[in-house]
Amino acid sequence: MSDNDQAIRDVVKGASVIYVGLFLELVIAFVAQVLAARYLSVSEFGGLTTGTALLSVGAIIGGLGLASGLVRYLPRVDNSEKRALTQFAFSVVAIASLPLGLLVSLNAEFVAATIFDDPTVEASIRVFGAAIPFAALLNVALSGLRGQSESARYAFVQNILHTSVRLLLIITAVTFGLGQFGFATAYAIPYTASLVAAVYFLYRALPEVSESLDQDRRSEVFRYSLPFTITELSSFIYRSVDIFLVLRFLGSAAVGVYGVAYAAVGFMQMFSTAFNFIGTPMASRLESEGDVSGMIKVYRSIARWLAIASVCALFPLGVFSTEFISVIYGGEYAEGGLVLTILAIGYAASNVLNVHGPLLRALGKSKLLSFNSAAAAISNVAFNIILIPTLGIMGAAIATGVSFIIRDGMATIQIHYYTNRTPLSRATLTPVLISLPFVALAVLIRPIIPVSFVFLVLISGLFSIAYVLVILSITGLFQYEIMILRSIEEKYEIDSWMLDILINRFS
């Protein structure tokens with residue numbers, strides 16, 4: 001087996017672990033969010049959404065990009081330096097994030113009343129501000145596990161433990177009627193529990209031998225990492241600044257409706273997240289060995305299925321979006337249906353184009369990533385300011401989608417410039433073209449579909465299955481896909497006649 005084929009197998013095997021974790025996280029988080037949305041008022045839910053967004057931006061600023069630095073350098077440094085490198089990252093982030101968290105939490109009243117012009121979100125800001133250091137350090141610990149390719153432990157902490165503790169605390173908040181403050185606390189406390197578990201697993205995963213990290217290496221890691229503060233902050237801006245701007249222009253009730261749509265579309269993120277989680281360290285290793293062609297091949301192999309999976313997700317989240325929100329969250333959030341459709345289209349495009357971002361990381365182009373994110377962030381802010389006053393929350397969704405295209409489109413051009421090739425190919429475009437008649441048919445029959453959970457699942461599932469079968473009938477299974485199916489059959493000792501029929505029919 002070639003090194004490239006082995007790399008593809010490693011990515012898929014690792015991604016399968018992350019997918020299991022992401023699926024469990026989404027289910028648990030979904031239940032928790034529905035409880036919060038149905039128990040709190042729309043305005044209170046908007047305050048909770050604002051607090052979580054504030055926590056995210058605080059963790060980014062306090063993290064100084066060192067989480068990204070660990071992902072790149074842990075696979076590259078000698079075993080003797082891994083522990084010292086990790087301790088360096090933790091120390092710097094702790095020193096940076098603790099004062100920031102205190103500053104936000106102690107000035108929550110000023111932030112709510114003066115900056116956001118909505119005193120009702122004070123409780124959320126106070127609680128989430130205090131959680132900033134824990135969130136920043138958790139990002140470092142999880143990135144350390146990622147750099148060590150500890151997929152199962154990462155998935156347990158991030159996807160299972162964190163969301164499970166949150167769900168239990170939210171149930172407690174509902175039981176005792178604790179209101180917005182109780183729900184904010186339920187969202188914040190899991191960062192502490194997850195941090196303890198992640199640090200323990202990372203300590204076990206690192207080599208016991210340890211040498212001090214020389215000053216040159218520290219400077220190198222810090223110089224590489226620091227631009228990711230801009231990258232991640234810009235990423236937050238083009239993904240979530242609309243939360244703050246909707247709050248400023250339209251109030252917390254509008255944030256509640258927009259927040260439901262934004263959270264629902266998070267299901268689509270898991271497709272690219274899992275592959276990028278494993279693919280980034282793998283691409284970094286291949287690039288360090290001079291195998292740029294192999295690096296591109298790894299991502300070209302997965303881009304086709306990212307496109308297929310994204311189209312399948314568009315049926316419930318894009319075509320039947322209003323029905324999805326009404327059934328799951330309640331009729332008071334139904335006006336977020338069109339917003340969900342716009343966001344779903346933007347996320348579908350991002351899933352496919354986003355394969356170029358990890359390749360830029362592997363090439364060490366952190367400054368380019370910062371530039372791309374900054375350009376997307378600036379455009380997102382500008383479009384939000386222009387569109388929200390005229391189009392409301394729909395304008396915020398359009399601004400977010402456009403910013404995705406700007407960021408990922410620029411990365412696509414840059415990867416082609418530096419490598420003279422791209423992961424995108426005819427194999428990626430074909431599933432997109434085949435999807436068009438299926439989406440059109442779903443739109444036509446939408447008015448006659450009963451608004452119920454059972455029909456929503458049934459009709460979305462039927463369209464997805466038919467779509468995948470048509471793709472396989474036209475394009476068949478590629479060689480690497482057959483290789484992966486056979487390796488799964490061998491690994492789990494599966495003797496399935498159905499799998500043999502599938503391979504023989506579509507190979």
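Predicted model: local features only at pLDDT ≥ 70, side-chain atom pairs only at ≥ 80, totals over all residues.

Student: Which residues of the largest nonpolar core touch the most other members?

Tutor: A nonpolar core is a set of buried nonpolar residues joined through their side chains. Here the set has 132 residues, and Leu 48, Ile 125, Tyr 258, Met 268, Phe 324 and Tyr 329 touch the most other members. Helix α15 (residues 292-319) gives the most to this core, 13 residues.

Student: What is Tyr 258 in contact with, leaving aside neighbours within four places in sequence?

Tutor: Its partners include Asp 242, Ile 243, Val 339, Leu 343 and Thr 400. Ring pairs also link Tyr 258 into a cluster with Tyr 262, Tyr 347 and Phe 404.

Student: How many aromatic pairs are there?

Tutor: Ring centres must lie within 6.5 Å, and planes over 60 degrees apart count as edge-to-face. The count comes to 13 aromatic pairs. Take Tyr 262 and Tyr 347: their centres are 6.3 Å apart and their planes at 75 degrees, so this pair is edge-to-face. Tyr 262 lies in helix α13 and Tyr 347 in helix α17, so the pair ties together parts 85 residues apart in sequence.

Student: Are Tyr 262 and Tyr 347 buried or exposed?

Tutor: Both Tyr 262 and Tyr 347 are buried. Tyr 329 and Tyr 333 also pair edge-to-face, because their planes are at 65 degrees, with centres 6.4 Å apart.

Student: Where does the charged end of Arg 72 sit?

Tutor: That charged end sits over the ring of Tyr 224, 5.0 Å from its centre. The charged end of Arg 72 also sits over the ring of Tyr 73, at 5.7 Å from the centre.

How values were computed. Residues numbered from 1 in each chain as written. Heavy atoms only, no water. Core = buried A, V, L, I, M, F, W, Y, C linked by side-chain atoms within 4.5 Å. Buried < 20%, exposed > 50% of the residue type's maximum accessible area, 1.4 Å probe, protein only. Helix = DSSP H or I, 4+ residues; strand = E, 2+ residues; numbered from the N terminus. Contact = heavy atoms within 4.5 Å. Phe/Tyr/Trp six-rings, centres within 6.5 Å; stacked < 30°, edge-to-face > 60°. Lys NZ or Arg CZ within 6 Å of the ring centre and 35° of its normal.
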